[in-house]
Amino acid sequence: MTTATLPQGHPDLITTDTARRLLASRELARLAYTAADGTPRVFPMLFHWTGEEIVFGTFAGARKIEALRSRPDVTITIDTASMPPEVLLLRGRAEVTDIDGIVPEYAQAQLRYQGEEGGRAAVAESDRPGVRMARIAVRPTWVGVLDFTSRFPGGGTADQFAERGRS
C-alpha cells in the first residue's frame, strides 16, 4: 500500500511529501486541547519535529500545562494559506515534562523560525537563571493530509470535491 492509498488517520501519512514539507516549514502549529474549565482551546505555537514527536516549549506557569496533564488528548493542525492549501492534521496524547532552563526543541524551533542570528538572540533573551519551561511532546497516533490535488476532505476524488454542495 502506498501513502496515496492510505486512509486518513493512518500514521504512515506522516511520511508523505506534504507532511514532510509542513513539518519542516515555518508555519505555526495550532495545538487544540481541552482547558481546565472543559472548554476547547486552540493555541498557535512554534514547534520542532524530532522525526517521532512534535515538540512545543512553553514557559512554566502557562495555563495549558495543567490542562494538558489533566486531559492529554490533543489535535494539531499545520497548514498553509497558499492555493491549493496544504494541511497536516495530527492527533495524539501530550506528554508534559518540566524542564529547568530552555527546552532544547524550543531553541531548535527558534533557530528554524527566525534564522541563526534571530533564533540565538531569542533564546539568549529567555535563557536566564531560574527559568523553567515545560516540554510538550506529542507522538502522532492519527495523521491526516489534505493537499486538494490528490487528497481531499471526506476522502473523495477531485471530481467529487468539485461537486460538493450541489444536489
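Biologist: Which two strands form a hairpin, and how many residues lie between them?
Modeller: Strands are DSSP runs of E at least two residues long, numbered from the N terminus. Here strand 1 (residues 29-34) and strand 2 (residues 40-45) form a hairpin with five residues between them. In its turn, G38 has a positive phi of about 90°. This is a predicted model, in which local features need pLDDT of at least 70 and side-chain atom pairs count only at pLDDT 80 or more, whereas totals for chains, interfaces and linings use all residues. Residues are numbered from 1 along each chain as its sequence is written, and side-chain values use heavy atoms, leaving out hydrogens and water.

Biologist: How many bridges join strand 1 to strand 2, and how many join strand 1 to strand 5?
Modeller: Two strands pair if DSSP finds at least two bridges between them. Strand 1 runs antiparallel to strand 2, with six bridges; one of the residue pairs is Y33 with R41 of strand 2. Strand 1 is also antiparallel to strand 5, through four bridges, and R30 has T77 of strand 5 as its bridge partner.

Biologist: Along strand 1, which side chains point to one face and which to the other?
Modeller: In a regular strand, side chains alternate between the two faces of the sheet. In strand 1, A29, L31 and Y33 point to one face and are buried (under 20% relative accessible area, with a 1.4 Å probe and protein chains only).

Biologist: Where is T77 placed, and is T77 buried or exposed?
Modeller: T77 lies in strand 5 (residues 73-79). With a relative accessible area of 18%, T77 is buried. Beyond its neighbours within four places in sequence, T77 has contacts (heavy atoms within 4.5 Å) with L28, A29, R30, V87, L88 and L89.

Biologist: How many residues has the largest nonpolar core, and which have the most contacts inside it?
Modeller: In soluble globular proteins, nonpolar side chains tend to be buried together. A nonpolar core joins buried Ala, Val, Leu, Ile, Met, Phe, Trp, Tyr and Cys residues through side-chain atoms within 4.5 Å. The largest has 30 residues, and I54, F56, I76, I78 and L88 have the most contacts inside it. Strand 6 (residues 87-100) gives the most to this core, four residues. Apart from it lies another core of eight residues, including I102, V103, A107 and V131.

Biologist: Which residues does F56 touch?
Modeller: Not counting residues up to four places away in sequence, F56 touches A29, L31, M45, L46, F47, I76, A134, R135 and I136.

Conventions
Buried < 20%, exposed > 50% of the residue type's maximum accessible area, 1.4 Å probe, protein only.
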